[in-house]
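Biologist: Please take me through this model one feature at a time, with the general idea before the case.

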Amino acid sequence: MNQHKPRIGLALGSGSARGWSHIGVIRVLEEAGIVPDVICGTSVGAIVGAAYAAGELDRFEDWVRGVTWKSVVSMLDIKMGGGLIEGSKLTEFFRSRFSDGGIEQLEKTFACVATDLVSGREVWLREGSVIDSVRASIALPGLFTPAVLGGRMLVDGGLVNPVPVSLCRALGADFVIAVDLNWNLVGRRNRVSGETRQEHRAEVEAVVEADQPATKRGIMEAVLARFKPGFFGNAEARAAGTPSMLDVLTTSLNIMQVRITESRLAGEPADAMIRPRLSDVAAMDFHRAVGTIEEGRRAAEYAMPMIQDQLGSFR
């Protein structure tokens, strides 16, 4: 039996809006007296992980719980060229509300994963601007434009390492708790009611019209694709409720990340796994924080007896 206190790592996985569940997971771990020494994140996991490592999780959670669909859309700076969203509004938003002294100055050891768009290699971001590093990690292909950092063009880390267990190990973690947000997505499809879809569409139109007048109507239609069944499809497809262009893109990426996660975790297993059930949360449902955070809590509480038992072997 090991006698030393293990260095605990927390690997926060990718999953777009499902990532708010990471907050619930962290809360349950802390309530149980399990405080990670190493925090690693991919994509949305990088956002939550950075806030936690900076000691800003309380303030970050307050903001997340107040996010509405309209506020989500207001942060989208629409642009055609490498991606639908430029991302500068989002980074400016975080710079105006959170200090960025660099990854090296965070309260906890932190790193995040991105993908080199040219070489296809996994990139570990362990120093420099926190916000710029996170921006690179969340650059979902087709949605966000790639980020240029350190002379490299970077996109979402979920393409190569959706649940960064290996990065936690590399940073010295003895015991890694991993949070997988994508495990039950294949074969399931989020459905949005017609009424909700119309409400969201109206909000998108109002925000985009105010921010980008008629000169970018075509681009606005691409944003609205998320709420238009059968976008670019025929009448029969629309009547059957065929998924939109953005639905197809995000679902395809989900399938890819599920398979990559399975492969990576088979070769680099975590010591404990937490898997929230979030198949009903769509990629852009950032306004559904309350329920998503609660599901993170539920999943962590379910896994807690196993985690405590595993940790006990180190003491």
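Modeller: Begin with contact, meaning heavy atoms within 4.5 Å. Leaving aside neighbours within four places in sequence, Thr-115 is in contact with Gly-120, Arg-121, Met-153, Leu-154, Val-155, Asp-156, Gly-157, Leu-159 and Val-160. This is a predicted model, where local features need pLDDT of at least 70 and side-chain atom pairs count only at pLDDT 80 or more, while totals for chains, interfaces and linings use all residues. Residues are numbered from 1 along each chain as its sequence is written, and side-chain values use heavy atoms, with hydrogens and water left out.

Biologist: Which strand does Thr-115 lie in, and why does Thr-115 count as buried?

Modeller: Helices (H or I, at least four residues) and strands (E, at least two) are DSSP runs, numbered from the N terminus. Thr-115 belongs to strand E4, residues 109–116. Buried means under 20% relative accessible area, exposed over 50%, and partly exposed in between, with a 1.4 Å probe and protein chains only. Thr-115 counts as buried because its relative accessibility is 5%.

Biologist: How do I read a pair of packed helices?

Modeller: Two packed helices are described by the angle between their axes and the distance between the axes. Axes are lines fitted to C-alpha atoms, for helices over the stretch in contact, and angles run from 0 to 180 degrees between N-to-C directions. Here the axes of helix H2 (residues 44–53) and helix H6 (residues 130–137) cross at roughly 160° and come within 8 Å. H2 is therefore roughly antiparallel to H6, a label for angles over 145 degrees.

Biologist: Which residues of H2 and H6 make the contact?

Modeller: H2 supplies Ala-46, Ile-47 and Ala-50, and H6 supplies Val-130, Val-134 and Ser-137.

Biologist: And the nonpolar cores?

Modeller: In soluble globular proteins, nonpolar side chains tend to be buried together. A nonpolar core is a set of buried Ala, Val, Leu, Ile, Met, Phe, Trp, Tyr and Cys residues joined through side-chain atoms within 4.5 Å. The largest one has 70 residues, and Trp-20, Phe-60, Ile-177, Ile-274 and Ile-307 have the most contacts inside it. Apart from that core lies another, of 15 residues, including Ala-111 and Val-176.

Methods: Parallel < 35°, antiparallel > 145°, perpendicular 65-115°, else oblique.
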